[in-house]
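Reader: I am new to this structure and would like to learn how to read its features one at a time. Could we begin with a single side chain and work outwards from there?

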There are 2 protein chains.
Amino acid sequence: MRIVSLAGGIGGARFLRGLRAAAPDAEITVIGNTGDDITLFGLRVCPDLDTVMYTLGGGIDEEQGWGRAGETHAVKAELAEYGVEPQWFGLGDKDIATHIVRTQMLGAGYPLSAVTEALCARWRPGVRLIPMTDDRAETHVVIDDADGRRAIHFQEWWVRLRASVPAEQIILVGADDAKPAPGVVEAIGEADVVLLPPSNPVVSIGTILQIPGIREALLDKIVVGVSPIIGGAPVRGMADACLTAIGVETSAQAVLELYGADLLDGWLVAEEDRGVALDGVRVQAGPLLMTDLAATAAIARAALELAR
Amino acid sequence: MRIVSLAGGIGGARFLRGLRAAAPDAEITVIGNTGDDITLFGLRVCPDLDTVMYTLGGGIDEEQGWGRAGETHAVKAELAEYGVEPQWFGLGDKDIATHIVRTQMLGAGYPLSAVTEALCARWRPGVRLIPMTDDRAETHVVIDDADGRRAIHFQEWWVRLRASVPAEQIILVGADDAKPAPGVVEAIGEADVVLLPPSNPVVSIGTILQIPGIREALLDKIVVGVSPIIGGAPVRGMADACLTAIGVETSAQAVLELYGADLLDGWLVAEEDRGVALDGVRVQAGPLLMTDLAATAAIARAALELAR
């Protein structure tokens, strides 16, 4: 069986670990969000790709959900001593090595997809991980606070401001000119089923769907989504702040409608969201908390069964 | 009093600490060797400038003589896990932060002299530290081993091969086109005395003297050198391997002749080298081991007195 899954960071990575357990013989291709990518101190950082890579490769900080297990922060502390900015992004020492390798390869002319493949040669995540695009498509957030109305990088809104300032708009700068990375459209074309994990529907899944050609490639495939909203609240993270920004209610019903019946064939919701419905989409309710690997594998299994 | 001192790495830095103690009211300008500089993993590393900066700024690993006190090596270990080369250079985590700041500033267009000044704003070394040049002048070593005759970067010979393969030639690539960094010639012009610490006479002091204009500026100044050779052996390091490469004996006499009477006015040697002599140079013997700060300050004081 060939499975394609889109993925953001923590939620997507955890779901993928369950999926790998649920379908050990499947060929899984993961299309990762790169809208959150940022250059810090000259180093190219791809938070979502790395979270997927570290989680599936056994290097993730399990408690935190992102970054490396047993991480240290000597470089960050020294950069602060030099007074250089930004100091709000938590770059760990081990993590920095990944960014150094990536930055060098990008500088040598390799596209991000080739770099990601090279990094995965170490991590052996058990899936094929492809960035959504090799082009620069960067999520910016329009806010209006004491410093005035302006667009800031997604990471500044998410990490520095912790999404506490309302987002007036969320824009994927460069989306129009971005092309899917090599292999993305091909993998979708060959897939028996495409899964949308409970990643952020706006700045993770929504971002990937904005790359011209990706949503179109998905339209005639069997696509099953797992709701990131349970009982009116995000399972994890600040998806509500993102949904509010695009005028969508924080509910399993509203996200289902956001994705739409042209994209989705199946929609998994939590027990408390039983009743959610949309013409043309088969909705199924069940346990949706990814409390451990077994529970997560059961969710992935339910998604695959719904696809049949 | 205005003092200019040339400087390499460990030996130069330690001498400078003594000099600062011996002449607390003097304005000291240090012209640092940058021939050993190297770009590793996309990061610009200036080993000698950093050794001077860390030593005088109180951040040096005292036992090792280079690198940061309390250093960790998480980034290096991770880079090795990725299998990227070179793995023979011991980049520490704290040290890497310095290189990140430097690389970013160089990338933004600042010359190395401005970058060094910015880094020193944190370290407050108590001297004005200027690189010998803002241009690229890189020490290469011609060797002939099992892999054939070839020129390698100085650091590869020094650190990876530990100077165990004889150097056929030591070449400062780019020297002809390099200009002294802003302030170098001016500081020499205004100096009451110029000191040559017991740094490596070939790849540290010798390198600085090869930048067109520096040796010339020194010729009509009072210049006093401290012999890096005691009783036929380098006090520290592998100066003998470098001297052999340029056909000079490892002795206080031979280094005195290498520098020459046109450059030197005074030459400090160890007790066991009493008898060393050259027309036009006042030679004085005394204790020359920089065992602690008091001993080092005494050597610096002797050099300053010899200059009078």
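Author: Let us start with a polar contact, meaning a pair of N or O atoms within 3.5 Å, where within protein one must be able to donate a hydrogen and the other to accept it, and residues adjacent in sequence count only if both atoms are side-chain atoms. Here the side chain of A:Asn33 reaches the backbone oxygen of A:Val203 at 3.1 Å. This is a predicted model, in which local features need pLDDT of at least 70 and side-chain atom pairs count only at pLDDT 80 or more, while totals for chains, interfaces and linings use all residues; side-chain values use heavy atoms, with hydrogens and water left out. Residues are numbered from 1 along each chain as its sequence is written, and chains are lettered from A and ligands numbered from 1 in the order in which they are written.

Reader: Where is A:Asn33 found, and is A:Asn33 buried or exposed?

Author: Helices (H or I, at least four residues) and strands (E, at least two) are DSSP runs, numbered from the N terminus, and A:Asn33 is found in the loop between strand S2 (27-32) and strand S3 (38-40) of chain A. Buried means under 20% relative accessible area, exposed over 50%, and partly exposed in between, with a 1.4 Å probe and protein chains only. A:Asn33 is buried, because its relative accessible area is 0%. Contact means heavy atoms within 4.5 Å, and, not counting residues up to four places away in sequence, A:Asn33 touches several residues, among them A:Asp48, A:Met132, A:Val203 and A:Thr207.

Reader: How should I read A:Gln169, and which residues is it in contact with?

Author: A:Gln169 is found in strand S8 (residues 169-173) of chain A, and it counts as partly exposed because its relative accessibility is 39%. Leaving aside neighbours within four places in sequence, A:Gln169 is in contact with A:His140, A:Val141, A:Val142 and A:Arg149. The C-alpha atoms of A:Gln169 and A:Val141 are separated by 5.8 Å, although the two residues are 28 residues apart along the chain.

Reader: At what angle do helix H4 of chain A and helix H3 of chain B pack?

Author: Axes are lines fitted to C-alpha atoms, for helices over the stretch in contact, and angles run from 0 to 180 degrees between N-to-C directions. Helix H4 (residues 93-107) of chain A and helix H3 (residues 74-81) of chain B pack at an angle of about 50°, with their axes 8 Å apart. That makes H4(A) oblique to H3(B), since angles under 35 degrees count as roughly parallel, over 145 as roughly antiparallel, 65 to 115 as roughly perpendicular and the rest as oblique. The contact involves residues of H4(A) including A:Ile96 and A:Ile100, and residues of H3(B) including B:Val75 and B:Leu79.

Reader: Which peptide bonds are cis?

Author: The peptide bond from A:Glu85 to A:Pro86 is cis, with omega near -5°, and A:Pro86 is found in the loop between helix H3 (74-81) and H4 of chain A. In chain B, a cis peptide bond joins B:Glu85 and B:Pro86, with omega about -5°.

Reader: What is the phi of A:Phe41, and what is the phi of A:Arg124?

Author: A:Phe41 has a positive phi of about 55° although it is not a glycine, and A:Phe41 counts as buried at 10% relative accessibility. Phi of A:Arg124 is near 40°, again a positive value in a residue other than glycine, but A:Arg124 is exposed, with a relative accessible area of 67%.
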